[in-house]
Amino acid sequence: KMNSRQLNSFRKQLVNEIVRLSLNQALAEMQLAGDAETASDIVDKAALEERINFAFRMRERERLLSRKIKRALARIEEGTFGICQNCGEDIPIARLKARPVTVYCLDCKTRMEARERAFESGRMGVLEAG
């Protein structure tokens, strides 16, 4: 089990990441607004459109990450942070430090990914039979 100092450290790290994501989004929006004002010819407008499309893709990724961070913060408050949602074992601190939003221990995640790859390659029936 994690002690309160470790949990507070993860809480602080996760909150800082939420703040960073919010600031990045605000800066990107300001940059695009400024670019929109200066886009004068068709090449500038095409480049701006490409940057806008990229910004939307990045915002979607950051929105998903933000949601995962909020769920991790909720798990800290509930007392379930650092517990694998599959097997119920503690997730090693080193894994949480590398990926604090994770909900699976490395063994469970590795098995899940192996099943996903097998399914995607059409070999699921072979794995289930063996």
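# A guided tour of the predicted model

Begin by selecting Val-15, Val-19 and Leu-23, which form a nonpolar surface patch of about 250 Å². The model on display is a predicted one. Leu-23 belongs to helix α1, which spans residues 4-38. With a relative accessibility of 53%, Leu-23 counts as exposed.

**The nonpolar core**

Next, select Phe-10, Leu-14, Ile-69, Ile-76, Phe-81 and Leu-96. Within the largest nonpolar core, a set of 16 residues, these six touch the most other members. Helices α1 and α2 (42-78) are the elements that give two or more residues to this core.

Centre the view on Phe-81 and display its surroundings. Setting aside residues up to four places away in sequence, Phe-81 touches Met-2, Leu-7, Phe-10, Leu-14, Ala-72, Arg-75, Ile-76, Leu-96 and Pro-100.

**A threonine in a loop**

Move to Thr-102, in the loop that runs between α3 (93-98) and α4 (106-120). Is Thr-102 buried or exposed? Its relative accessible area is 7%, so Thr-102 is buried. Show the side chain of Arg-95 as well: a polar contact of 3.0 Å joins it to the side chain of Thr-102. A polar atom of the Thr-102 side chain also lies 3.2 Å from the backbone oxygen of Tyr-104. Beyond neighbours within four places in sequence, Thr-102 is in contact with Arg-75, Ile-91, Arg-95 and Leu-96.

**The salt bridges**

Side chains of opposite charge can pair when their charged atoms come close. The count in this model comes to three salt bridges.

For one of them, select Glu-77 and Arg-11, whose side chains meet at 3.0 Å, N to O. Because Glu-77 lies in helix α2 and Arg-11 in helix α1, the pair ties together parts that are 66 residues apart in sequence. Glu-77 counts as exposed at 59% relative accessibility, whereas Arg-11, at 25%, counts as partly exposed.

Now select Arg-20 and Glu-17, which form a salt bridge of 2.6 Å, N to O. These residues are three apart in helix α1, so about one helical turn separates Arg-20 from Glu-17. Arg-20 is partly exposed, with a relative accessible area of 37%; Glu-17 is partly exposed at 23%.

Finish with Arg-63 and Glu-60, where the side chains meet in a salt bridge of 2.6 Å, N to O. Both residues lie in helix α2, three residues apart, about one turn of the helix. Arg-63 counts as partly exposed at 41% relative accessibility, and Glu-60 is partly exposed with a relative accessible area of 34%.

Conventions
Residues are numbered from 1 along each chain as its sequence is written. This is a predicted model: local features need pLDDT of at least 70, side-chain atom pairs count only at pLDDT 80 or more; totals for chains, interfaces and linings use all residues. Side-chain values use heavy atoms; hydrogens and water are left out. Patches are made of residues with over 30% relative accessible area and no salt bridge: like charges are joined within 9 Å, nonpolar side chains (Val, Leu, Ile, Met, Phe, Trp, Tyr) within 5 Å. Accessible areas come from the Shrake-Rupley method with a 1.4 Å probe; for residues, only the protein chains shown count as cover. A salt bridge is a side-chain nitrogen of Lys or Arg within 4 Å of a carboxyl oxygen of Asp or Glu. Helices (H or I, at least four residues) and strands (E, at least two) are DSSP runs, numbered from the N terminus. Buried means under 20% relative accessible area, exposed over 50%, partly exposed in between (1.4 Å probe, protein chains only). A nonpolar core is a set of buried Ala, Val, Leu, Ile, Met, Phe, Trp, Tyr and Cys residues joined through side-chain atoms within 4.5 Å. Contact means heavy atoms within 4.5 Å. A polar contact is a pair of N or O atoms within 3.5 Å; within protein, one must be able to donate a hydrogen and the other to accept it, and residues adjacent in sequence count only if both atoms are side-chain atoms.
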